[in-house]
Amino acid sequence: MTRIVIIGGGPGGYESALVAAQLGARVTVVEQEGPGGACVLTDCVPSKTLIATSVRKQALLDASMLGVHFTGGPDGEVGGVIADMPLVNSRVKHLAQAQSADIAARLAAEGVEVIKATGRLVDPQVVRAGDRTIRADIVIVATGATPRILPSAEPDGERILTWRQMYDLEELPEHLIVVGSGVTGAEFAGAYRSLGSEVTLVSSRDRMMPNEDADAAEVLEEVYRRRGMNVMGRSRAESVKRTADGVVVTLEDGRTAEGTHCLMTVGMIPNTSGIGLEEAGVTLDRGGFIQVDKVSRTSAPGVYAAGDCTGVLMLASVAAMQGRIAVWHALGEAVQPLRLATVASNIFTDPEIAAVGVTQKAIEAGEIVANVVKLPLATNARAKMQGFNDGFVKLFCRPNTGIILGGVVVAPRASELILAVSVAVQQRLTVDQLAHTFAVYPSLSGSVTEAARRLMQPMTPSGI
């Protein structure tokens with residue numbers, strides 16, 4: 001029986017463990033925090049739970065547009081809609097623990113052994129887990145990553161915080177300054193603004209989320225400004241200091257921003273130091289990320305890696321797929337290498353931003369030739385009914401064949417709407433095939449099929 005040891009119990013770890021167990025391997029997962037790892041316990045699950053709460057509150061605040069009004073209200077809030085932060089944070093933590101327990105139960109049902117300890121490679125076939133030494137045929141490293149900390153802005157867990165510390169706050173921040181306008185910064189900034197905090201978003205670039213679709217970022221920034229957020233572009237933070245009753249953020253140009261709390265969202269660093277990787281022959285890049293190929297192999301024989309510790313698109317879905325691919329390859333099963341071009345991603349802002357396949361930036365740079373259509377969500381009947389005015393559906397296809405190359409959706413629940421585009425990209429469907437697929441009327445998904453119809457090319461009669 002093949003012996004597989006997995007260091008790390010996040011999506012890359014527990015998903016690979018489940019596949020390995022189902023294929024008959026003897027599997028041990030070494031995880032220091034709990035099944036699900038940081039993704040479930042402190043990162044993805046808690047943050048998306050918090051965001052879901054904020055979206056619900058924003059919907060109540062926007063209900064007046066649909067003719068629903070709230071009267072009165074404590075604390076002088078418009079419509080009396082307030083966020084009970086102790087209850088909100090308690091629910092966030094409870095759901096994270098519940099999800100971890102569900103994963104633990106699933107692993108136990110499949111016969112996977114879980115050791116609560118820090119794992120370390122002794123050599124490519126030996127793992128040290130606490131006081132145990134385990135010999136393995138295959139090792140999968142899935143140790144994740146940790147919020148990057150700047151020496152000039154060290155978190156104290158009270159006023160200067162990482163996102164993992166936000167759920168310990170007993171009150172809603174009166175004025176939250178978010179440093180970093182990437183995906184994580186944009187998500188938390190939007191959530192806390194909807195929950196009732198005054199929010200200042202400090203961005204070092206010209207616009208929010210500079211690595212995402214420019215049209216999508218523009219829509220979101222417009223929504224944020226309309227909701228009262230202060231978005232400071234071209235403003236790189238130099239330091240964050242605690243004051244008597246808050247924080248002061250000093251920018252490189254000498255300007256300052258003052259608030260009650262500061263959330264640092266300035267990237268992630270891999271959890272790869274001090275666990276014996278380089279000594280075992282595993283190559284790391286300059287940033288400390290494990291170098292892997294498209295079937296998750298490292299430079300050390302029999303050692304694979306998956307998830308954020310590899311730096312390959314820091315998404316839970318990618319981590320899980322990397323882990324599955326590692327097991328399939330290691331056990332000699334049929335396997336397809338990881339194809340980043342087919343990875344669907346989502347930013348859980350309000351509205352959400354989902355994307356898959358090629359990008360508008362690549363098309364404009366001449367790297368890819370594609371036809372593009374963008375339909376504003378405001379023309380969709382269901383969107384009008386629900387009062388959704390912000391967003392769009394964008395599709396890209398090859399000019400001659402009509403094969404769908406990718407798309408972007410900015411809408412409520414864009415994470416659900418992108419599936420149709422993702423299937424089309426994965427299966428190399430054409431705009432004609434998508435256009436001839438029935439969509440419910442009225443529905444937001446109708447904009448996906450409508451975009452495909454706009455990209456259809458008229459047939460030229462033979463001989464003309």
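1. A word on terms before we start: a polar contact here is a pair of N or O atoms within 3.5 Å, and within protein one of the two must be able to donate a hydrogen and the other to accept it. Please also keep in mind that this is a predicted model.

2. With that cut-off in hand, have a look at Asp213, which sits in the loop between β11 (198-202) and α6 (214-226). The side chain of Asp213 reaches the backbone nitrogen of Ala216 at 3.0 Å. Asp213 also has a side-chain partner in Lys394, again through a polar contact of 3.0 Å. Beyond its neighbours within four places in sequence, Asp213 is in contact with Arg207, Gln360, Phe392, Lys394 and Val408. Asp213 counts as buried because its relative accessibility, 13%, falls under 20%.

3. Now the cysteines. How many disulfides does a search of the whole structure find? The search comes back with zero. Cys44, for example, is in no disulfide, and the nearest cysteine sulfur, that of Cys39, is 4.5 Å away. A disulfide would need the two sulfur atoms within 2.5 Å. Cys44 is partly exposed, at 30% relative accessibility. For Cys309 the closest cysteine sulfur is also in Cys39, but at 13 Å, so it is too far for a bond. Cys309 is buried, with a relative accessible area of 0%.

4. Rolling a probe the size of a water molecule over the atoms shows where empty space is left. A search of the whole structure gives one cavity of 30 Å³ or more, and the largest cavity holds about 50 Å³ of space. Its lining includes Ile51, Ser54 and Val55, along with Glu187, Tyr224, Arg227 and Asp350. Two helices, α3 (44-61) and α5 (183-195), each supply at least two residues of this lining. Which helix gives the most to it? That is α5, with four residues. Sorted by class, the lining has five nonpolar, four polar and three charged residues.

5. The second largest pocket deserves a look too, with a volume of about 340 Å³. There are 17 residues in its lining, and Met321, Leu338, Thr342, Val343 and Gln426 lie nearest its centre. Helices α7 (316-330) and α10 (414-426) each supply at least two of the lining residues, and α7 has the largest share, with six. By class, the lining of this pocket has 10 nonpolar, five polar and two charged residues.

6. Next, helix α12 (residues 446-455). Is this helix mostly covered or mostly uncovered? It is mostly covered, with seven of its 10 residues buried. The buried residues are Gly446, Ser447, Val448, Thr449, Ala451, Ala452 and Leu455. As for what they pack against, the partners are β21 (371-376), β22 (392-397), α10 and α11 (431-435).

7. The loop between α11 and α12 holds both Ser443 and Pro442. A cis peptide bond joins Tyr441 and Pro442, with omega about -5°. The side chain of Ser443 makes a polar contact of 2.9 Å with the side chain of Ser445. Leaving aside neighbours within four places in sequence, Ser443 is in contact with Asn380 and Arg382. Ser443 is buried, with a relative accessible area of 11%.

8. There is a cis peptide bond between Asp350 and Pro351 as well, with omega about 5°. Pro351 lies in the loop between β19 (344-347) and β20 (352-357). Asp350 is also one of the residues lining the largest cavity.

9. Two backbone angles to check while you are there. Arg234 has a positive phi of about 50° although it is not a glycine. You will find Arg234 in the loop between β12 (230-232) and β13 (237-242), exposed at a relative accessible area of 61%. Arg413 has a positive phi near 55°, and its place is the loop between β23 (404-411) and α10. Arg413 is exposed, with a relative accessible area of 58%.

10. Last, Leu66, in the loop between α3 and α4 (85-109). Not counting residues up to four places away in sequence, Leu66 touches Met385, Gln386 and Gly387. The C-alpha atoms of Leu66 and Ile51 are separated by 22 Å, the two residues being 15 apart along the chain.

Note on methods
Residues are numbered from 1 along each chain as its sequence is written. This is a predicted model: local features need pLDDT of at least 70, side-chain atom pairs count only at pLDDT 80 or more; totals for chains, interfaces and linings use all residues. Side-chain values use heavy atoms; hydrogens and water are left out. Buried means under 20% relative accessible area, exposed over 50%, partly exposed in between (1.4 Å probe, protein chains only). On a 1 Å grid over the protein atoms alone, a cavity is a set of points where a 1.4 Å probe fits but cannot get out, and a pocket is an open set with protein on both sides within 12 Å along at least five of seven lines; lining residues have an atom within 4 Å of a point. Grid points are joined across faces, edges and corners, and a volume is the space filled by probe spheres set on the points. Ala, Val, Leu, Ile, Met, Phe, Trp, Tyr, Cys and Pro count as nonpolar, Asp, Glu, Lys and Arg as charged, and the others, Gly among them, as polar. Contact means heavy atoms within 4.5 Å.
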